[in-house]
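Subject: Structure for your review

Dear colleague,

Please find below the structure that I am handing over to you. My findings follow it, and I would ask you to read them with the model open.

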Amino acid sequence: MLRRIEGRVEMTVREVVLIGDTRLRQTAQAVDFAAHDWRQDAMDLADTLADLKARLGFGRGLAGPQIGSCWRLIAFDCHLGTFVAINPRITWRSSETFSVLDDCFSIPGRKVPVMRSRSITFEYLDFDGQAHVFERLEPDLAELVQHEVDHLDGILMVDRARAETLEHRARS
Ligand SMILES: [Zn+2]
């Protein structure tokens, strides 16, 4: 997030954590609003996503573990808006699913087909602790949110792809 410090605008961009790093495999912790150390992570997460988008021309979401944060934070820059979702939760999933060719900043250069719920409802808190809800998202946003929330549970797209392949093999 852009912010002025002594008259200068500063951004804090962090390295994106890559597959193989154990920090991507941890279950992120719920943010405690009484504590303060998550706020810097939340701002750095937004800065890092903005930097990726500026340099690469794409990037709709980035999850806390991808910058080495242990908190349940997701930065979004998509049709939903540009914001950080704190303690996001998927509270409803459609029974209908669809296949997405998924990609991930933590797994550069790879695209894998993953099954996702076609629509979801998702809730989160903002910086002030106010609750927000997005009801019954369109498929392109639903799959984005599912991908990012997976990161908070230590799940990567390749796990979903692998599980599907095994399931397919078991059936055939
Ligand atoms: Zn990812």
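This is a predicted model: local features need pLDDT of at least 70, side-chain atom pairs count only at pLDDT 80 or more; totals for chains, interfaces and linings use all residues.

For orientation, the protein as a whole has three helices and nine strands. Along the sequence they follow the pattern β-β-α-β-β-β-β-β-β-β-α-α. Of its 172 residues, 33% count as buried. Among contacts between residues at least 6 apart in sequence, 64% join residues at least 24 apart.

Does its length agree with what its residue count predicts, or disagree? The 20 residues of H1 should span 28 Å at 1.5 Å a residue, and the end C-alpha atoms are 29 Å apart, which agrees. The buried residues of H1 include Trp 38, Ala 42, Leu 45 and Leu 49, but also Asp 41, Asp 44 and Asp 47. S3, S4 and S5 are among the elements that cover the buried residues of H1. After H1 comes Gly 57, with a positive phi near 85 degrees.

The largest nonpolar core holds 34 residues, of which Leu 45, Leu 73, Ala 75 and Val 84 touch the most other members. Two or more residues of this core come from each of H1 (37–56), S3 (61–63), S4 (73–78), S5 (81–93), S8 (120–125) and H2 (139–152). Which residues does Leu 45 contact, leaving aside its neighbours within four places in sequence? They are Leu 62, Gly 64, Ile 67, Ser 69, Leu 73, Ala 75 and Val 84.

Phe 58 sits in the loop between H1 and S3. Is Phe 58 buried or exposed? Phe 58 is exposed, because 10 other C-beta atoms lie within 10 Å and a residue with 12 or fewer counts as exposed. Between Phe 58 and Asp 77 there are 9.6 Å in space, C-alpha to C-alpha, although the two are 19 residues apart in sequence.

The other two concern the backbone angle phi. Most residues other than glycine have a negative phi. Asn 87, in strand S5, has a positive phi near 50 degrees and is not a glycine. Asn 87 is buried, because 21 other C-beta atoms lie within 10 Å and the cut-off for a buried residue is 20 or more. Arg 136 is likewise not a glycine, and its phi is positive, about 45 degrees. Arg 136 lies in the loop between strand S9 (131–134) and H2. With 12 other C-beta atoms within 10 Å, Arg 136 is exposed.

Yours sincerely,

A colleague

Definitions and conventions:
Residues are numbered from 1 along each chain as its sequence is written. A nonpolar core is a set of buried Ala, Val, Leu, Ile, Met, Phe, Trp, Tyr and Cys residues joined through C-beta atoms within 7 Å. Helices (H or I, at least four residues) and strands (E, at least two) are DSSP runs, numbered from the N terminus. Two residues are in contact if their C-beta atoms, placed from the backbone, lie within 7 Å. The expected span of a helix is 1.5 Å times one less than its number of residues.
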